[in-house]
Amino acid sequence: MEVTSLRFRENARRALRDPQLARALRMVREGFQQRRAQAVANLPEFEELRRIGAGIRDHVLERLDLYLEAFERRAREAGAQIHYALDGAEARRIVLDLLRSRGVSLVTKSKSMVAEEIELAEAIEAEGIRRVETDLGEYIIQLAHEPPSHLIGPAVHMTVERIARLFAEAHGTEPTTDAQELVAQARRVLRQKYLDAEAGITGANFLVAETGSVITVTNEGNAELTQGLPPLHIVVTSIEKLVPTMEDAFTLLRLLARSGTGQEFATYTTVLTGPRREGDLDGPEEMHIVLVDNGRSRMLGSPVRPMLRCIRCSACMNHCPVYLAVGGHAYGWTYVGPMGSVLTPALAGIEQTWPLPEASTFCGRCEEVCPVRIPLPGLMRVWREEAFRRGLPPATQRAGIRLWAFLAKRPRLYRLAFGLAVRTLGLLGRRRGRFSRLPLASGWTSVRDLPAPQGRTFLEQLGRGR
Amino acid sequence: MTRARVGLFATCLVDLWRPVVGFSAIELLERAGYAVEVPAAQTCCGQPAYNVGDREDAADLARRTIALFEPYDHVVAPSGSCAGMLKIHYPQLLAGDSAWAERARAFAGKVHELVSFLVRVAGVERIEETCRARVTYHDSCSGLRELGIRDEPRRLLAGIEGLELVEMREPHLCCGFGGTFCVKYPEISERMVDEKAEDIEGTGADMVLAGDLGCLLNIAGRLARRNSRVQVRHVAEVLAGRLDVPPIGRGEGEG
């Protein structure tokens, strides 16, 4: 997926003019926020759980090499094959080699953000292999040829009317906005695909070092069918998904479900340890796990390392006023909302993405709801500093702040310059109390009036004896 | 007994835009028994530089502000955002500076936002003032989420004669100011401040109060653009009884 984050402002403007998107985002906001609040209220020890969750993730990140080796050993013992991929290209090559060598012509795929990140779907299709997304949201956006706009609800930006049209066209049915009927249609189509597919690709929510297991979480059961029915199962995931023990994984699963959908636990949680064994009723004959780095080991040694704690719950975006105004596509890459504004620069480079960490008021809601307490605004600031150092924001902006800082360090000059300015504005605005237009202030006055200053500054009045 | 000395950090916005907030702060602190001083060399806490990523200038301003205010027993600012900068962010900003890290930490311990200082430190329980109005209170993001200020302004407002406090649906929601954010992304900011304006108008309040002038200028500016009748003031103005000055964004030519 081409990175269009540099066009964030234009993307956002377009999104703000889309009334259907606004309607869809209102539902995200009301639904997700309310359900999370309820789930948190029902669990008095939630704050304690957050602290423990952050601790588990930090512990893993400090010893990632050890846990990777332990996981690899256990997973191999269970019969899975492990592949390491340094970047997206290597990961795609590994997956395509596997599909080609097994003569695969149809792949089912459950949701994997890492697969999105490395553009696996496009690579599979370029190879002439058919791909069917089995997560309902992913299935919808596959039909629409659109990228996901949310971590756990990839099609949250769509209205039911639009889905009705897409389904009617794809399934050759009468358009219907009955959600039950739409789900039934998708289910009918997908059922046969599960049976026909020669390979299934899934992501992973957690990798358990203690047992070599892969854990996936869904509410539709599609990951089970994707990984359990075809003869070949490929897990495409990233190296930081590790947790030490099964108990740790379940601690994080409790946080994940509550923070994302507000459930106590997801409807389907599958723990898969190796391929089918003698006597097993189902399961793939071969299981391959592709562990993708793609910039993560670089993050480990950088100030944005806490971002690797992320468990992809979506709470940050569900509570972000900026995300809820502009939606996911405005962010211009795979990861969206506050977590995207930190992760995208780390993975795609700050040169391509510097407007993202700028697009925040630092209101702090994201950090407040993050289940693993990632200091998201602080990490956005890290990127702003990097962007500033590299001179990425417009030169006028940079010069403006430098000039202002120059004055702020010289009180006399500062008082002279700003004292005169506010005195003038105070006089001009005395009668009406505000300005609708003002030279050099169009950024402000384009959407709101500028209240006039009172006139003489506080310190000036004090100096003259009130 | 000598009175404890408070250094009032007026904040650049109060200094330049709304001096009455500074005078209200002095009034409230003196009534609570403190000796208030306003160091004349103060300018800005450096947050604009800090937030655009200009760490060097922000650190320079942090060192200036600390040197200027560390002689006082308490440092008080009529803003959650600026107090948060002094209290939370200065120690982070100067953590790598061996000459200043400890000073910044010690300094942070003295810093308070005005209203929370009155309640938590000065022990003020009730303020004798009158304001006949239906009022709603907006929680500024930094005050609420960095400094945990939520009950303090409401408690003091509840004691004001004639004042009826009505809550918004989402008083904790960001107003869309965000410093330079509001001029860099005016369209997104507009959406956010419009939601805030609708929430305010929905309460039927005559007046909206907050503890941060940044939010207040943004909210007042948008309410004015929407031709709203709701008046906008800093919470300190009401607590100090300074209703003689026109509300934010209102001129002498109107109410």
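**Domains and contacts in a predicted model**

Within chain B, 28 residues of domain 1 are in contact with 22 residues of domain 2. The model is predicted, and the points below are grouped by topic.

**The two domains of chain B**

- On the side of domain 1 of chain B that touches domain 2 of chain B, at least two residues each come from α1, α2, α3, α5 (80–93) and α7 (114–121) of chain B.
- α7(B) provides the largest share of that side, 6 residues.
- By class, this side of domain 1 of chain B divides into 16 nonpolar, 9 polar and 3 charged residues.
- The domain assignment places domain 1 of chain B at 5–120 and domain 2 of chain B at 126–239.
- Taken over C-alpha atoms, the centres of these two domains of chain B are separated by 22 Å.

**The domains of chain A**

- For chain A, the domain assignment gives domain 1 (1–42 + 308–393), domain 2 (57–294) and domain 3 (400–463).
- The centres of domain 1 and domain 2 of chain A, taken over C-alpha atoms, lie 23 Å apart.
- Contact between these two domains of chain A involves 28 residues of domain 1 and 29 residues of domain 2.
- Two or more residues each are given to the domain 1 side of this contact by α2 (19–41) and α14 (315–318) of chain A.
- The largest share of that side, 10 residues, belongs to α2(A).

**Where chain B meets chain A**

- Between the chains, 60 residues of chain B are in contact with 52 residues of chain A.
- Among the elements of chain B that each supply at least two residues to this side are α1 (12–17), α4 (55–69), α11 (186–202) and α12 (213–225).
- With 8 residues, α11(B) gives the most to the side of chain B that touches chain A.
- The residues on this side of chain B comprise 31 nonpolar, 12 polar and 17 charged.

**A residue of α11(B)**

- B:Val193 is located in helix α11 of chain B.
- B:Val193 counts as buried because 26 other C-beta atoms lie within 10 Å, where 20 or more are required.
- Leaving aside residues up to four places away in sequence, B:Val193 touches A:Arg448 in chain A, and in chain B it touches B:Cys175, B:Gly176, B:Asn218, B:Ile219 and B:Arg222.
- B:Phe177 is 16 residues from B:Val193 in sequence, and their C-alpha atoms are 7.8 Å apart in space.

Terms used:
Residues numbered from 1 in each chain as written. Chains lettered and ligands numbered in written order. Predicted model: local features only at pLDDT ≥ 70, side-chain atom pairs only at ≥ 80, totals over all residues. Domains from an automatic or database assignment. Contact = placed C-beta atoms within 7 Å. Helix = DSSP H or I, 4+ residues; strand = E, 2+ residues; numbered from the N terminus. Nonpolar A, V, L, I, M, F, W, Y, C, P; charged D, E, K, R; others polar. Buried ≥ 20, exposed ≤ 12 C-beta atoms within 10 Å, placed from the backbone.
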